[in-house]
Amino acid sequence: MKKIMLVTGASRGIGAETAVLAAKAGFDVCVNYLQNEDAAIEVVKAIEAEDQRAIAVQANIAVESEVMKLFETVDNRFGRLTALVNNAGILEQQSDFEDISLQRLKRVFDTNLGGSFLCAREAVMRMSHKHGGPGGTIVNLSSRAAVLGSAHEYVDYAASKGAIDSMTIGLANEVGNQGIRVNAVRPGLIYTEMHASCGEPARVDRMKSGVPMKRGGLPIEVAKAILWLSTEDSAYTNGSFIDVSGGR
Ligand code: NDP
């Protein structure tokens, strides 16, 4: 059976590395993105260079109707999904807790938790033995922020990732007997463009002295953990978390 993966937020960063690594492991890949079409097309080309099929699909995972269309596109172009990587996530400007507005809290939760929740639900509908599916894997991108709390930076983001951890445990327990394994990866300080959106592009270099390994991580180092959880190599791993954080 052909392995088919959807990676949300795969136009750059950890998602892009995961999409290309998945192609090397024999997956056809749907590259979801929000607005950066050119970058998504480059990822598609890299996947095709590995002789796998790829499509770039624009969809805002925070919007239910767009998630439905995203999954229908995968159904129509590739067939039944076998692996979901809930990677897309956002954070906002660094700020103290008391300056976080309800609107901001909702934006962060709608994407990070709501989007992952909706995508996981649609994946379960397609993968579950209960619905005639072949089984599959779901990997959620959490963060070490879920454990550390991100004081004075973005407690809203950390809390959304804490919720991802709870969702991972609950869903893993619920669908473990339906052929679906659900796990999470918690990256630490990784060199991607994400830190620019919090107002500090060089954040990893400023904070790396606090990492026991004294360096930031590379997106590919996270992608390898995601891929392991998405293949039979991790066949007995369910409801688990891999910290890819250099020990911090
Ligand atoms: P980037 O900011 O580099 O990339 C974000 C990706 O998500 C882009 O492809 C972007 O698309 C897409 N995206 C953003 N919002 C949406 C949306 N609403 N719908 C669909 N796609 C969306 O992120 P990273 O690679 O750094 O992070 C990936 C994941 O890892 C995130 O969940 C993040 O929270 C987590 N993580 C990252 C860490 C780090 O240090 N980098 C540390 C801990 C966790 P487009 O290009 O079109 O804008």
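Predicted model: local features only at pLDDT ≥ 70, side-chain atom pairs only at ≥ 80, totals over all residues.
The axes of α1 and helix α9 (residues 219-229) cross at roughly 55°. They come within 8 Å. The two helices are therefore oblique to each other. Their crossing is right-handed. On the α1 side, the contact is made by Gly-13, Ile-14, Glu-17, Thr-18, Leu-21 and Ala-22. On the α9 side, Pro-219, Ile-220, Val-222, Ala-223, Lys-224, Ile-226 and Leu-227 take part. Nine of these contact residues are nonpolar, two are polar and two are charged.

Helix α1 (residues 13-24) also packs with helix α2 (residues 37-48). Here the angle is about 20°, and the axes lie 8 Å apart. That angle makes α1 roughly parallel to α2. The crossing of α1 and α2 is again right-handed. Helix α1 contributes Ala-16, Ala-19, Val-20 and Ala-23 to the contact. Helix α2 contributes Val-43, Ala-46 and Ile-47. The residues of this contact comprise seven nonpolar, no polar and no charged.

The strands form an open sheet. Seven strands take part, in the order β3-β2-β1-β4-β5-β6-β7, and their pairing is parallel. Strands β3 (54-58) and β7 (241-244) are the edges, each pairing on one side only. From one strand to the next, the twist averages 15°.

Strand β2 (residues 27-33) pairs with strand β1 (residues 3-7) in the parallel sense, over five bridges. Within this pair, Lys-3 stands opposite Phe-27 of β2. Strand β2 is also joined to β3 by five bridges, and these two strands run parallel. Here Cys-30 stands opposite Ile-55 of β3. Together, β2, α2 and β3 make a right-handed β-α-β unit.

Helices also pack on the sheet. Helix α1 lies across β1, β2, β4 (83-86), β5 (136-141) and β6 (180-187). Its direction is at about 165° to that of β2. Helix α6 (residues 155-175) packs on the sheet as well, touching β4, β5, β6 and β7. The direction of α6 makes about 160° with that of β6.

Notes
Residues numbered from 1 in each chain as written. Heavy atoms only, no water. Axes fitted to C-alpha atoms, helices over the stretch in contact; angles between N-to-C directions. Helix = DSSP H or I, 4+ residues; strand = E, 2+ residues; numbered from the N terminus. Parallel < 35°, antiparallel > 145°, perpendicular 65-115°, else oblique. Left-handed = near helix turned anticlockwise from the far one by under 90°. Contact = heavy atoms within 4.5 Å. Nonpolar A, V, L, I, M, F, W, Y, C, P; charged D, E, K, R; others polar. Pairing = 2+ DSSP bridges. Right-handed = clockwise from strand over helix to strand, strands pointing away.
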